[in-house]
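Here is a friendly walk through one structure, moving from a metal site to helix packing, backbone geometry and a few residues with their surroundings. Keep the viewer open as you read.

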Amino acid sequence: MTSDETRGDDPGMREIELLREEAEAALAGAGSSADLEEARVNLLGRKGRLTALLQGIKDLPPDKKRMVGMQANLLKDWLEKALEERGEELRRRELDAELRAEKVDVTLPGRHLPFGTRHLVSAIIEEIEDIFIGMGYRVAEGPEVELDYYNFEALNTPHWHPSKSLQDTFYVDASASGREDVLLRTHTSPVQIRVMEATTPPLYVIAPGKAYRHDVPDATHSPMFHQVEGLAVDEGITLGDLKGTLEHFARRMFGEDRAVRFRPHFFPFTEPSAEVDVSCVICGGEGCRVCKGTGWLEILGAGMVDPNVFGYVGYDTEKFSGFAFGMGVERIAMLKYGIPDIRYLFDNDLRFLAQF
Amino acid sequence: MRVSLEWLKDYVDIDLDPQELAERLTMAGTAVEGVERLGGGLEGLLVGRVLEVRPHPDADRLSVCKVDFGGQGVEIVCGAPNVRPGMLAPVAPPGVRLPDGSAIGEVTIRGVSSHGMLLSERELGISDEAAGIMELEGDLEPGASLARALEIEDTVLVLEITPNRPDCLCMLGIAREVSALTGAPLRKPSFVLREIDPPAAEDVLVEILDPDLCSRYCARLIEGLTIGASPWWMRRRLRAAGVRPINNVVDITNYVMLELGQPLHAFDYELVTDGHIIVRRASAGERMVTLDGVERALSTDELLICDPKGPVALAGVMGGEHTEINAGTTRVLLESAHFDPANIMRTSRTLGLSSEASYRFERGVDPSGCARAADRAAFLMDELAGGKVRRGVVDARAREISSSRLTLRVERAARFIGIPLREQDARAILESLELKVKESRCGEQGTVLEVEVPTFRPDLEREIDLVEEIARIYGYDRVPSTLPSSAHKVGMLTPGQKCRREAARVLAGLGLSEAVTVSFISERWLDRLDPSRAVFPEDPVRLRNPLSEDGAVLRPSLLPGLLEALRFNVNRRLSDVSLFEMGRAFLPLAGEAQPREPLLVACAMTGNWVPKQWDGAAQPVDFFTVKGVLERLAAALHVPGLTLVREELPFLHPSQSCRVRVGEASAGYLGLLHPRVCDEVDLPRNTAVMEIEFAPLEEAREEPYYREVPRHPALHMDLAVVVGEEVDAEELEEAIREAGGELLYEVRLFDLYRGEQLGEGKKSLAFNLVFCAMDRTLTDEEARKYFDRIVKALGAGFGARLRA
Ligand SMILES: [Zn+2]
């Protein structure tokens, strides 16, 4: 007996065959999960046709029971699996359609989240601090209202020096304490003296902060500005150490390919003294308007601490030597970021602040 | 200092091109600020000889000249009064351009054609002289190039001389530097002075009454002079140096000053009473008229050169008008003196009067150079002005200033600079600068050189000064770069410094931008914010010499600066502004010279905290925005003990004004800016501010310590209670925490509601409570027990009832 014969002849088997064809058509025709559910209920629901067929098997004669039962169960297994697969496919399609309907304009601006910026001057001071901390320096501070002694005298500035005049230095009214030697520090160098008075060598410090000069504001002058001072005192410190230290700094600050040069200069509180130039950040040394055609930009004043200064703080000049340097933060900011006017740094215009 | 290379080459041979020389000088401490080329624009101009001069047939003031400039003579019409046959003059042939760019063509002037132009110095662009055509001197060929004939092509180095190097304020000093740098020998000017009898001392007397201010005064007497113009070469060199030629005698004094560095002054001898020079301090109220025609009132601080009748010069600064050299001068009393630098600086500053002479004296002139400079000038007056030099220098010496001796330890210098240095290297460098090594010995500390320092180097006073010279001439660029080798270096920030950095980062992260404002403010700000000075000091720290009244007070608070910055932005239509600043304020301390300088952090916010967005409303700044900022800051810095206490401050909205406390101490304030202040300074009403001092904040920081995180499920319960308006949220929260005990893990206020059904003067506050235990899962019953306890406590404490 072939299976064809059994199927073809037997009414039970024929019904199974019909049901399968119908189910295949219903599955293929179901366009949505809802259609598919309807088909499932029709076939496998409580009153479904396959359910009814399965329930009818028990009433068949024993010889048919096995064959029809087996085929009906096979059909059921197939159908459940097919429903599952088709359902999965339909759900995927439906989800996809749903998601496509949730279209947004992705070019709309992102949600506003608060954002603020550090001031460029603070950012540069931090950058400088970090470079020197990496070289073993600590950060020192000192008062902005200073005494003549710390700002001038102990820094070996002669008492008749023109920078002490009322045209160059802001003096603070301290008449209540009966003094005339109170001023706004004209550089951060007095911190050197204060640090040396309070500590014994070896010492490696930098001192960032505000300084003041009696200048009418213009594009390159501001009565208030920021400096970073540096001081190293130890046994056996050399002029070569000063060179090496500042070269390292200049390359970290302005770029590894910068050339650095040291020109002899004069400052009252260092000897020998130097001005330090880096190759122009704009033209790279070819010469341009910013570097006045020289290819160099002056960024630092430096030198070996003058023995007279050590004398004021009671350091043994035979045992210790040291170097000191100072730089203008605004100048570095202006050079590095091409800012044409120092006053822009203190306007606090949000459109300026947000750029850095 | 302007240095003509053509001139400089009189004293030292120079093989380098100007740029290379500039570079070498710069790298040895004499910074070259500019390199100027002179004599441009004379291309095509020629030397001409005037052959004939006849009057113009049709114009009285003009003449028609036949001029030879390399060919047969051509006719040129000329208006200059000084034109005469035989003279040599610059001529511009047709088709050439003058230095000012104008072109010369063939023109017809009143019927006579002119084939070129005879030129004045002004037309050549070399001086302001325009009264006549320039007369050329010497044996010049008509038709020769004018530029070559005038030797006008020159390069000028513009040098920045540092204040410690007065010796470099002259040609010879610069030549000495060049010689030291290149090894080319230095050639000092040499000359043989002819003198006539009787000796000058018979007609000149010098007395120094104030020897502290004048160590030496040399005078010479020169007779038979004819005042006139200096020769062209001298005028050219003076101009290249930036000095205006005047007449031969005055030019010679300036020329020698530029050459040797010694300022000189020439008096008309006939106008100096009795030829008697008295050097003395001015008496109080004494007056004199200086060369510039200004009458000056003097004090006893000023040094004068006088004759028996009164002042003839302001010593070292400027001569007197009365004894000035004039066209009729034939006898000159020449002054070459040494004055005290500090006194000259003082005088120059007090009187607001400076000159080439005072500039040099205040930096320090070689006290040994007086006589030599007087001789040199006398020689030139003989050569160039027909002078006869009377025998001898009348030399009044009040004090002897002699050369000094220094020792240099060679090995120590080498170590200090960080270079290998042999004795002969050190010696060579010192000697190239005319320092004499008198002796060399070997001591405990190695080789020691005894060095004699000439008087023209007053800056060399100590061993270190010699070390600097060695380093400078050796070349900083040849010193190897090293790093300090010490092991005693630990780079770090203090906890306080770290905390400040953290604070700035937190504030920026919260959307505030950092501002930096100027430390001096107008006192008006304090009057505006705090008229009765309840908060700010009554007597703030003031400047004695402010730039203006707007910046006469050192800020006792960062607030004025920040409000200015807000206004700056608001005025530019940037309406949403949130700024912070960290900086020092200045508070007077009774009896102290220096004020207290607390480090403050301040915030000022206005407009919207979150701006209106495409799908959301704006969130305007209010009291709670700035309070939120403070709470975030305190949390980030781990400052748990920070509280706000109601207190009315004069510049804050009276009901939204708080004192910020750390523990029991005040650390600052926070609130909404008083509407009165907002209106006065043109800021929107919703401007919120806070300002706190950093030190108490830093002190109150607590290192975070692990607090157990619940591992068992927590129970979340909401509690909404109705209380009277007078009850503070904070009080309720504290009562909840207390009653909730340790099972209450967290309390958060999430709703505030007012409405009719609650009744007049009532509000509802809703809290989310989180209960949990660390060792077990809490049951509802347990949590409910505590919840009920809380409700009871709130009822008893505040009359709170549960909201239905
Ligand atoms: Zn450049």
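The zinc ion has four protein donors, the SG atoms of A:C280, A:C283, A:C288 and A:C291, lying 2.3 Å from it in this predicted model. How are the four donor atoms arranged around the zinc ion? They subtend angles of 104 to 113 degrees, which makes the arrangement tetrahedral. For that label, all angles among four donors have to lie between 85 and 135 degrees. Along the sequence, the donor residues follow the spacing C-x2-C-x4-C-x2-C. Both A:C280 and A:C291 sit in the loop between β7 (270-279) and β8 (296-305) of chain A, so the pair ties together parts that are eleven residues apart in sequence. Are these two cysteines buried or exposed? A:C280 counts as buried because its relative accessibility is 0%, and A:C291 is buried too, with a relative accessible area of 3%. The cut-off at work here is that buried means under 20% relative accessible area.

Stepping back to the layout of chain A, the domain assignment gives domain 1 (3-101) and domain 2 (120-353). The C-alpha centres of these two domains of chain A are 90 Å apart.

| Helix pair | Angle between axes | Distance between axes |
|---|---|---|
| α6(A) (120-134) and α11(A) (329-337) | about 100 degrees | 10 Å |
| α2(B) (18-26) and α4(B) (171-182) | about 90 degrees | 10 Å |

In chain B, the angle of about 90 degrees between the helices makes α2(B) roughly perpendicular to α4(B). Their contact is made by B:L21, B:R24 and B:L25 on the α2(B) side and by B:E177, B:V178, B:L181 and B:T182 on the α4(B) side. In chain A, α6(A) and α11(A) are likewise roughly perpendicular to each other, a label that covers angles from 65 to 115 degrees. From α6(A), the residues A:L120, A:V121, A:I124, A:I125, A:E127 and A:I128 meet A:V329, A:E330, A:I332, A:A333, A:K336 and A:Y337 of α11(A).

The backbone has some features worth checking if you plan to work with the coordinates. Most residues other than glycine have a negative phi, and most peptide bonds are trans. Where does the model depart from this pattern? The peptide bond from A:P201 to A:P202 is cis, with omega near 0 degrees, and A:P202 belongs to the loop between α8 (190-198) and β4 (203-212) of chain A. A:E271 and A:P272 are also joined by a cis peptide bond, with omega about -10 degrees; here A:P272 is part of strand β7 of chain A.

As for phi, A:N348 is not a glycine, yet has a positive value of about 60 degrees. A:N348 is located in the loop between α12 (344-347) and α13 (350-353) of chain A and is buried, at a relative accessible area of 1%. In chain B, B:R533 has a positive phi near 55 degrees and is likewise a residue other than glycine. B:R533 is placed in the loop between α14 (523-529) and β29 (553-554) of chain B, and its relative accessible area of 13% makes it buried.

A:D306, in the loop between β8 and α10 (307-313) of chain A, counts as buried at 1% relative accessibility. Setting aside residues up to four places away in sequence, A:D306 touches A:N156, A:P268, A:F269, A:T270, A:E271 and B:R462.

B:E468 belongs to helix α12 (residues 463-474) of chain B and counts as buried, with 6% relative accessibility.

Finally, B:R572 lies in the loop between α15 (559-571) and β30 (577-584) of chain B. With a relative accessible area of 37%, B:R572 is partly exposed. Neighbours within four places in sequence aside, B:R572 is in contact with A:D349 and A:R351.

How values were computed: Residues numbered from 1 in each chain as written. Chains lettered and ligands numbered in written order. Predicted model: local features only at pLDDT ≥ 70, side-chain atom pairs only at ≥ 80, totals over all residues. Heavy atoms only, no water. Domains from an automatic or database assignment. Donors = N, O, S within 2.8 Å, 3.2 Å for Na, K, Ca; no water. Tetrahedral: all angles 85-135°; square planar, octahedral: opposite > 155°, others 65-115°. Helix = DSSP H or I, 4+ residues; strand = E, 2+ residues; numbered from the N terminus. Buried < 20%, exposed > 50% of the residue type's maximum accessible area, 1.4 Å probe, protein only. Axes fitted to C-alpha atoms, helices over the stretch in contact; angles between N-to-C directions. Parallel < 35°, antiparallel > 145°, perpendicular 65-115°, else oblique. Contact = heavy atoms within 4.5 Å.
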